[in-house]
Amino acid sequence: MIYGQWALALNLFTVGVLAFIVAKVFVSISFWFIKSKFQHYTVSTRKSLLWLCVLAPWLIALCVMLFFSPLFQNGSVFVWLTEFAHWHHPDIFYFVSWHSASLLIFIAFTLFILIKKATLLYRNHNQINLLRELGTEKSKHVYVIESSIPTAFTGGIFKPLCFISTGLIEQTSANEIEIITQHELAHVHHLDPLKKWLFLFFTAFFTKNVKQVLRSMMSLSMEQAADSFYVKNQQQSTNVASTLVKVTKLASNYAIHPQYKNELFVHFCRHSIEQRVLHLLNDKKFRPFPMGGVVIAILLLALISTTSVDSLHHVIETLFTH
Amino acid sequence: MKNAMQLGELEKQVLEYLWKVDPADAKQVHSYFEKNRGGSLNTIQSTLDRLFKKDLLGRVKHGHAFQYFPKVDRHELIGQLIKNVTNDFMVEDENSVIAAFSSISSDLDEQQLNKLEAMIEAQRQKLQKNSDK
C-alpha cells in the first residue's frame, strides 16, 4: 500500500484505464450501428471519422483522468458532477487490489501490442531498404524492381518509396504506368504507410470484428484518396478506373500461377475494385462533415465514461473488497 | 532468408557478383573486386561471412577454402521480399468485411470485371457526347 502523490497518480491511471474500456465499448457499439452511413461522406471526412473512432477512447480516458484529478474535483463548477463521479481514497493505492491488477493488465497488453507492431515496423523497414538496394531509381521516390510479378506498391514508414515491377511495366502502356505511379506517389504524399501502421496500433485494442471493419474502411479510403489525388476531370477519372480494372485482370491471371496461388500482389488494385471504380465514375454529392453530431457524440461519450467509472468501481467492489 | 535484413553497398555488390558467377571462393571474389573497386581479402572474407550469416549465401568446403553460392536467386529474393512487405500490412479477411460497408460484393470474377469495363466505356461515350455538343 502506498500513500500520497504516487498513490494519486496510480489511482488516476486506474481511472483512465476504466474510462478507456467504457469509451471503447461505447465507440464499438456506436460504430457498428452507423458504419453503413460512412459511404455518404467524402473520403477525407470518412478518414477523419475513422481516426476519431480509434482515438476517442484515448482522448476520453485522458479527459476523465483530468476530471478525477484534484484540479477539477476541488473546483466548484463541477460539484454537481462529482456527486455521480468520484473516486474514494484517491491518495491510497493498494498493490494487492483489482485497481492494481487492471492497471497491470492494461500496461502489459499495451506493451505487447507496441512490441508486436514495432517488430513489424522494423522488419518492414529492413525489407523495404533491401528492395530499394536491389531496385533501380526511376525518378524521385520511384523504384523499378526486376520481377515478373505484376506489382506496384508503396512502402517505408518514415521515407516512403514507390516500387513498380518490370512485370507490370511490360504488360501496361506508358499512360497506365503514369496513372499507377501517380497513385503510388499520392500514398507517399499522404504518408499512408506510417498512418496505416498507426491505425493498426490503435485498432488493435478493439474486438476482432470491429477491428477488421475499421481497417478495411481505412484501407479503402486511403486507396480512393490516392485514386483521385491527381484526377482533375471526369476523363481522367475514367482512365484511372479502366487502369484499375486492367491491372486487376493482370493480377488475377497471375494469381492462378501455382507459385503465387491465393496471392493478389498488385496493391494498386487490391482494395474493393468495384467500390473504387464506382467512386471514380460517380459524381454524387457527398454530405458535409457532421460537426454537430460529432460534438454531441463526444460530449455524450465523455459524460457516460465519467459517470460509468464510478458505477463500475462500485459494482466491482460489491464483488471484491479491493 | 532472415527477416531483419539490411545490405551494405559491398554486400550488395558481392551478392550481385555471385548471382552471375556462382560459386566462388573468397580469393576469386577478391580478385574481381580488387580490379574494380579495391579492398583487402579480409574485407571480402568478412563480407562473405556476413552474407552467409544473413542466410543469403550457402558454402561448402573445398580443400582449405569455402566455396560460396547464393541460396536464393535474384528473382526469388525480390519475389519473397514483395510477398513479405505486402503481407505485413494486409487486412485480414478483407473481402468478407468490406461487404458490410457496401452491399456490392468485392469478390470479383472475370464477368464482373467485364461489366465494370462496360460501365467505364459507357461513361467515356457519355463524356465524348457532352464534349461534342
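## Exercises on strands and helices

Helix H3 of chain B (residues 41–53) lies across S2 and S3 of chain B and runs at about 120° to S2(B). This is a predicted model, where local features need pLDDT of at least 70, side-chain atom pairs count only at pLDDT 80 or more, and totals for chains, interfaces and linings use all residues. Residues are numbered from 1 along each chain as its sequence is written, while chains are lettered from A and ligands numbered from 1 in the order in which they are written.

**Exercise 1.** Work out the strand order of the sheet in chain B.

*Solution.* Start with the elements: helices (H or I, at least four residues) and strands (E, at least two) are DSSP runs, numbered from the N terminus. Strands pair if DSSP finds at least two bridges between them. S2(B) and S3(B) (residues 65–70) pair over six bridges, and Lys61(B) has Phe66(B) in S3(B) as its bridge partner. The order is S1-S3-S2, in an open antiparallel sheet. Strands S1 (24–25) and S2 (57–62) of chain B are the edges, each pairing on one side only.

**Exercise 2.** Describe how H1(A) and H5(A) cross.

*Solution.* Take axes as lines fitted to C-alpha atoms, for helices over the stretch in contact (C-beta atoms, placed from the backbone, within 7 Å); angles run from 0 to 180 degrees between N-to-C directions. The axes of H1(A) (residues 5–34) and H5(A) (residues 98–134) come within 9 Å and cross at roughly 65°. Next, name the residues that meet: Leu10(A), Asn11(A), Phe13(A), Thr14(A) and Val17(A) from H1(A), with His99(A), Ser102(A), Leu103(A) and Phe106(A) from H5(A).

Definitions and conventions: Contact = placed C-beta atoms within 7 Å.
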